[in-house]
Amino acid sequence: MNQYIEYAFIAVAGVLAITLHEAAHGYAAWALGDDTAKRMGRLSLNPLVHVDRFGTIVFPAILVVGQLLTVGHVQFLFGWAKPVPVAAWKFPNPRRGMMIVATAGPGMNFLLAWIALVAMNVVPVVPAWLGAPMVLFALYFVLINLGLGLFNLLPIPPLDGGRIVVGLLPERAAQTWARLERAGIVIVLLLIFVLPAALRDLFAINFNPVTQWVFAIVRPLLRVLLTLSGNPDAGLLIEDQIFGD
């Protein structure tokens, strides 16, 4: 298939995964009594409402172009949407409410991956010219959503996993953990980019905890979703392409 079509599939899948992740936060907050996102026009399934010009478009594009010019293919992507505004004080229980709102984002990504796998049920009965693109788009859509959902479950604020941990810890420990949010994104970027590259180039040490975490969980999670999709045989086409076995 044309390489540019593949890049278009990746772009569409990535934008949908990121923006619907943010939309889920807004709908969860609204259900719990916070109408902040609704009043600000952010309670929407329209991806354009949640697109951050730099985080959703410019920065991923820089990564893609840079990798194509240097290594000839895309090895990884990273991006973000505009965070949905949440007023936790409007929840009956602010800490528990924020934990539920945080869980909604990865939950949406896992739901989207499952929907894509369910859609694979029709592949055997559609023409080959349509079935092949469907499988390819489903591959990227499932992989991006699972990766994004699992990445956001890392227990580091401001990632969703960090906010879930804050909701589970005793109050004093939760306050201490929540303070990591100021430096959380720096910690995450160090774990993703700086530390793995430095250890690899300087000491030939393969240390990539974020990638290792994602791939340790993504396969069993994928198999659960394949079973729930009702057609694991069709879905295994995706698993084979992801893991190569």
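Ala, Val, Leu, Ile, Met, Phe, Trp, Tyr, Cys and Pro count as nonpolar, Asp, Glu, Lys and Arg as charged, and the others, Gly among them, as polar. The structure described here is a predicted model.

By these classes, the lining of the second largest pocket divides into 5 nonpolar, 1 polar and 3 charged residues. The lining residues are Pro94, Arg95, Met98, Pro157, Arg163, Val166, Gly167, Ala178 and Glu181. Helix H5 (94-119) and helix H7 (160-168) each supply at least two residues of this lining. The space in the pocket is about 170 Å³.

Helix H5 also takes part in a contact with helix H6, and H6 in turn meets helix H10. The table gives the two helix pairs.

| Pair | Axes come within | Crossing angle | Handedness |
|---|---|---|---|
| H5 and H6 | 8 Å | roughly 160° | left-handed |
| H6 and H10 | 9 Å | roughly 120° | right-handed |

Angles over 145 degrees count as roughly antiparallel, and H5 and H6 are therefore roughly antiparallel to each other. On the H5 side, the contact includes Pro106, Asn109 and Phe110, and on the H6 side it includes Met134, Phe141 and Val142. The contact of H5 with H6 has 13 nonpolar, 4 polar and no charged residues.

H6 (residues 128-152) and H10 (residues 209-229) cross at roughly 120°, so these two helices are oblique to each other. In H6, Val142, Leu146, Gly147, Leu150 and Phe151 meet residues of H10, among them Trp213, Ile217 and Leu221. The residues of this contact divide into 12 nonpolar, 1 polar and no charged.

How values were computed. Residues numbered from 1 in each chain as written. Predicted model: local features only at pLDDT ≥ 70, side-chain atom pairs only at ≥ 80, totals over all residues. Heavy atoms only, no water. Axes fitted to C-alpha atoms, helices over the stretch in contact; angles between N-to-C directions. Helix = DSSP H or I, 4+ residues; strand = E, 2+ residues; numbered from the N terminus. Parallel < 35°, antiparallel > 145°, perpendicular 65-115°, else oblique. Left-handed = near helix turned anticlockwise from the far one by under 90°. Contact = heavy atoms within 4.5 Å. 1 Å grid on protein atoms, 1.4 Å probe; cavity = no way out; pocket = protein on both sides within 12 Å on 5 of 7 lines; lining within 4 Å. Points joined across faces, edges and corners; volume = space filled by probe spheres on them.
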